[in-house]
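Here are some friendly notes to read alongside the model, for anyone meeting it for the first time. Take the points in order, with the viewer open.

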Amino acid sequence: MIFRTIPFILILFVSCKTASKTVQAQTLAEDNKDVVVLSYLIKDYMRNTRSINFTLDDIIKKDTLGRITKNFSSLEVGDWPNPWRGGYAVYFKFADGRNKDSVKLTQDERIPWKVTTKTKIGRNKAQLAKKFDGEIHFHFPERGYHINEIIIKEPM
């Protein structure tokens, strides 16, 4: 009898030890809805134009609801560092007058399943020197430019 209860108690303690990663990612994404909206606008732009050459002004023109107009100051497109998975990384900086609380998601937009934080954003010295606030990973065009991951810089 005791041999049956010990594994049950161990499982109970281990499972209650930490909050799940999906809950942590959900709350992080809820705090950064403007980044989620930006990722959807970039995805739609790349799907419609089949181009990865764009600026923040091009994306803002596609934002008919004006949700990200004053929240970001710059964008830069780079290669995704993992050659086996492939895709593109879009690095962004927040604007000084960022108002992330006013952003509402539309019915077609949902929070991606993978939202994480890192201390440094960038893959090389040039990107690290620009001090980006986050990055968004997209798959290659043949995979539909789906949003794979959103990484936000940890607050200091």
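This is a predicted model: local features need pLDDT of at least 70, side-chain atom pairs count only at pLDDT 80 or more; totals for chains, interfaces and linings use all residues.

**Notes on a first look**

1. What does Phe 92 pair with? Phe 72 and Phe 92 form an edge-to-face aromatic pair, 5.5 Å from centre to centre and with 90 degrees between the planes. This pair links distant parts of the chain: Phe 72 belongs to strand 1 (residues 72-79) and Phe 92 to strand 2 (residues 88-94), 20 residues apart. Phe 72 is counted as buried too, at 4% relative accessibility. Together with Phe 94, Phe 72 and Phe 92 make up one aromatic cluster.

2. The protein chain has five helices and five strands, and along the sequence they follow the pattern α-α-α-α-β-β-β-α-β-β. Of its 156 residues, 39% are buried. Contacts across the sequence are worth a look as well: among those between residues at least 6 apart, 64% join residues at least 24 apart. The chain exposes about 10000 Å², with carbon and sulfur atoms supplying 55% of that area.

3. Back to the rings. The structure holds seven aromatic pairs. One of them joins Tyr 45 and Phe 54: the ring centres are 5.5 Å apart and the planes stand at 65 degrees, so this pair is edge-to-face; the cut-off for that label is over 60 degrees. Both residues are buried, Tyr 45 with a relative accessible area of 12% and Phe 54 with 10%.

4. Arg 98 deserves a point of its own. Its charged end sits over the ring of Phe 94, 3.6 Å from the ring centre. Arg 98 also meets Asp 34 in a salt bridge between their side chains (2.7 Å, N to O). Here again distant parts of the chain are linked: Arg 98 is in the loop between strand 2 and strand 3 (115-118), while Asp 34 is in helix 3 (residues 33-49), 64 residues apart.

5. Another of them brings together the side chains of Glu 76 and Lys 130 (2.5 Å, N to O). Glu 76 is in strand 1 and Lys 130 in helix 5 (residues 125-130), so you will be looking at distant parts of the chain, 54 residues apart. Both partners are partly exposed, with relative accessible areas of 23% for Glu 76 and 37% for Lys 130.

6. A further salt bridge joins the side chains of Glu 135 and Lys 118 (3.7 Å, N to O). Since Glu 135 lies in strand 4 and Lys 118 in strand 3, the pair ties together parts that are 17 residues apart in sequence. Glu 135 is buried, with a relative accessible area of 0%, whereas Lys 118 counts as partly exposed at 23% relative accessibility.

7. Where is Tyr 145? Look in the loop between strand 4 (134-138) and strand 5 (147-153). Although it is in a loop, Tyr 145 counts as buried, at 2% relative accessibility. Leaving out residues up to four places away in sequence, Tyr 145 touches a list of residues that includes Lys 43, Met 46, Arg 47, Arg 50, Ile 52 and Tyr 88. Phe 138, His 139 and Phe 140 are also among its contacts.

8. Finally, turn to the outside. Phe 8, Ile 9, Leu 12 and Phe 13 form a nonpolar patch on the surface, and together they have about 440 Å² of accessible area. Phe 8 lies in helix 1 (residues 2-15). Is Phe 8 buried or exposed? At 57% relative accessibility, Phe 8 counts as exposed, because the cut-off is over 50%.

Conventions:
Residues are numbered from 1 along each chain as its sequence is written. Side-chain values use heavy atoms; hydrogens and water are left out. Patches are made of residues with over 30% relative accessible area and no salt bridge: like charges are joined within 9 Å, nonpolar side chains (Val, Leu, Ile, Met, Phe, Trp, Tyr) within 5 Å. Accessible areas come from the Shrake-Rupley method with a 1.4 Å probe; for residues, only the protein chains shown count as cover. A salt bridge is a side-chain nitrogen of Lys or Arg within 4 Å of a carboxyl oxygen of Asp or Glu. Helices (H or I, at least four residues) and strands (E, at least two) are DSSP runs, numbered from the N terminus. Buried means under 20% relative accessible area, exposed over 50%, partly exposed in between (1.4 Å probe, protein chains only). Rings of Phe, Tyr and Trp (its six-membered ring) pair if their centres lie within 6.5 Å; planes under 30 degrees apart count as stacked, over 60 as edge-to-face and the rest as tilted. A charge sits over a ring if NZ of Lys or CZ of Arg is within 6 Å of the ring centre and within 35 degrees of the ring normal. Contact means heavy atoms within 4.5 Å.
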